Structure formats: C-alpha cells, structure tokens
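The sequence and model are shown first, and the account follows.

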Amino acid sequence: PPASSPASRPDDNPVVAVVNGEQIMLSELLGRLNELRVLPEKREDVAAGVLDGIIDNALLVQFLAAQKIAYDAKAVDAQIAEAKAEYEKEGIKFSDGLAQLGLTEQKLRASVVAETRWQNYLKKNVTDKQLADYFAKYVEYFDGTEVRASHILVEVAADADEKTRAAVKEKIEKIRKEIVGGLKFPEAAQKYSDCPSKEKGGDVDFFPRREKMVEPFAKAAFALKVYQMSNVVETEFGYHLIVVTDRKPGTRTKLDDPALRKDLLEAVGDVMK
C-alpha cells in the first residue's frame, strides 16, 4: 500500500510520512542521513531518496509482522545488549546514541525483529534453484575471486562543468595513446596519476568484485583479461585507466558453504525487496 503524503506538526520534529498509520518523524530521516554521512550541502538532493528507503523498510516490517514470521526473542535481546555495550564502551549513553540516529530503543528492537523475521522468511521461501541461478549469473560477486590492478587517475571535481570534464577526459585519452605507443603503464602512472598509488606505479593490490572499489571501477577491472588495459573509466573521483596484472580465482563454489549461502540469501532478498 502506498504511503500517504507527508504531514506536518507545529514542533521541531514533524511527521514527514505516514505509512499505514505509522508515523515517520523528521528525526528519523535526519538520523539516517547522519548514519549515511551525507554532507549538509548534499542533504536536500538525497533526502527524498533516503525517505523512500525508510518508507520501504516500514512497509516490509508491516508485511513481515502480518505474516507472523517466527523469530528468536533471545537472539534479538542479545543483539540489543551488544549494541548497548558498544555505546557504553565509547562512553555514550545508549538512548543518546540512538537519538543521534533518530531512533528509540523500541524502534531499534522493531528493526532487529524485522531483520530476523526477514532472514527466516527468506530461508523458508527462497529455493535452492533460485540461489543456484543467482550464483551462476553473478559468480564473481560471491565466490571470492579477486583481481590485482594498477590505475591512472586524473581527478575532476564532482561539480565540474561539462567543458572542464571534456578537457580532463581529453587529457587521459592522450595518456592512453602514449601508453599504446610504448610508454610503460607504471611510468605513466608515476608521471600523470593524481592517486597516491602512483608511487607504486598505480598498483592498488588485490580486491574483490564488490564492497571494496566503487562499482564502475570494479566492473571495468573484472571485465579485463590479465595485462589488458581498459578504455577510459569514469567514477566519482574522475577518469581512470586500469590494467589488471593478476587474478586469483575464488574458492567458494558450493551452495552448502554456510557463508556463501548467507551472502546469496541477502542478495536475493535485496532483489525481492
């Protein structure tokens, strides 16, 4: 069911959305922006998308509650206790730490319960065939395959205009032509790269397909053969040239591997959401 239009209240913590009667407060939205470390000047641009995520999560929580999916209350208590201990270890009162995220202990508990129910729902409803098909399609994301790469970065500011971007892109395309013409890649990196890795000839060591490098960089690198150089790759940092220098095949290949199965369930679950 769709969420209603945002409502407001005459205080400093207004309601920003109502999801089937459940109020989402401004403090929760601000807390989520803090958790994501969104810079103040960027908040207006991303707030709507972040709020959509909070609404989607609220709908999921309501769906799981309606399904009466079982969960282990003791395991939930243990997670809450662990979170509380982490705050206390840092000398932060638990309620104050949660308030910074726009949460109360009640809301945190509801979130942990929902996540536990969601995992149980997936285990019950996702088939081995679905997991196997997903694994076959995205094998390098999950099997532990790593590549080693070197790169050259020519930086460009995120707010640069098209003229500036075009000039920077032209510069790195000329660098690529120099390399094709005989300039050694490590020498080109030392001469031209704006990344500290230039001191090592552009080497950034081994990395997996996900959760280490930004997606355009990882996608381009994993598409290369060893010692093949990429075309110009654009990321949030600027423009890159990438060369893969080694590859280590993954070893997680069987669905009865508990860690692999857990990662696949989470990934399939994200698609289902």
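## Aromatic pairs

In this predicted model, phenylalanine 94 counts as buried, because its relative accessibility is 6% and the cut-off for burial is under 20%.

Tryptophan 118 and tyrosine 121 give a stacked pair, with 5.6 Å from centre to centre and 15 degrees between the planes. These two residues lie three apart in helix α5 (residues 105-125), and therefore about one helical turn separates them. Tryptophan 118 is buried at 5% relative accessibility, and tyrosine 121 is likewise buried, with a relative accessible area of 15%.

## Aromatic cluster and a charge over a ring

Tyr134, Tyr138, Tyr141 and Phe142 make up one aromatic cluster. Elsewhere, a charged group takes part: the charged end of lysine 248 sits over the ring of phenylalanine 206, at 4.3 Å from the ring centre.

In soluble globular proteins, nonpolar side chains tend to be buried together. The largest nonpolar core in this model comprises 16 residues, and Ile152, Ile172, Ile175, Ile179, Phe185 and Leu241 have the most contacts inside it. Two or more residues of this core come from each of β3 (146-155), α8 (162-180), α9 (185-192) and β6 (238-248).

Which residues does isoleucine 172 contact, leaving aside its neighbours within four places in sequence? They are Ile152, Val154, Val232, Tyr239, His240 and Leu241. A second, separate core has 15 residues, among them Ile69, Tyr121, Leu131 and Leu265. Tyr121 of this second core is also the stacking partner of tryptophan 118.

## Strand β3 and its partners

Strand β3 is mostly covered, with seven of its ten residues buried. β3 pairs with β6 in the antiparallel sense through ten bridges, and in this pairing leucine 153 stands opposite histidine 240 of β6. Histidine 240 is also among the contacts of isoleucine 172.

β3 also runs antiparallel to strand β4 (residues 203-208), to which four bridges join it. Here the bridge partner of valine 147 is phenylalanine 207 in β4.

Key:
Residues are numbered from 1 along each chain as its sequence is written. This is a predicted model: local features need pLDDT of at least 70, side-chain atom pairs count only at pLDDT 80 or more; totals for chains, interfaces and linings use all residues. Side-chain values use heavy atoms; hydrogens and water are left out. A nonpolar core is a set of buried Ala, Val, Leu, Ile, Met, Phe, Trp, Tyr and Cys residues joined through side-chain atoms within 4.5 Å. Buried means under 20% relative accessible area, exposed over 50%, partly exposed in between (1.4 Å probe, protein chains only). Contact means heavy atoms within 4.5 Å. Two strands pair if DSSP finds at least two bridges between them. Rings of Phe, Tyr and Trp (its six-membered ring) pair if their centres lie within 6.5 Å; planes under 30 degrees apart count as stacked, over 60 as edge-to-face and the rest as tilted. A charge sits over a ring if NZ of Lys or CZ of Arg is within 6 Å of the ring centre and within 35 degrees of the ring normal.
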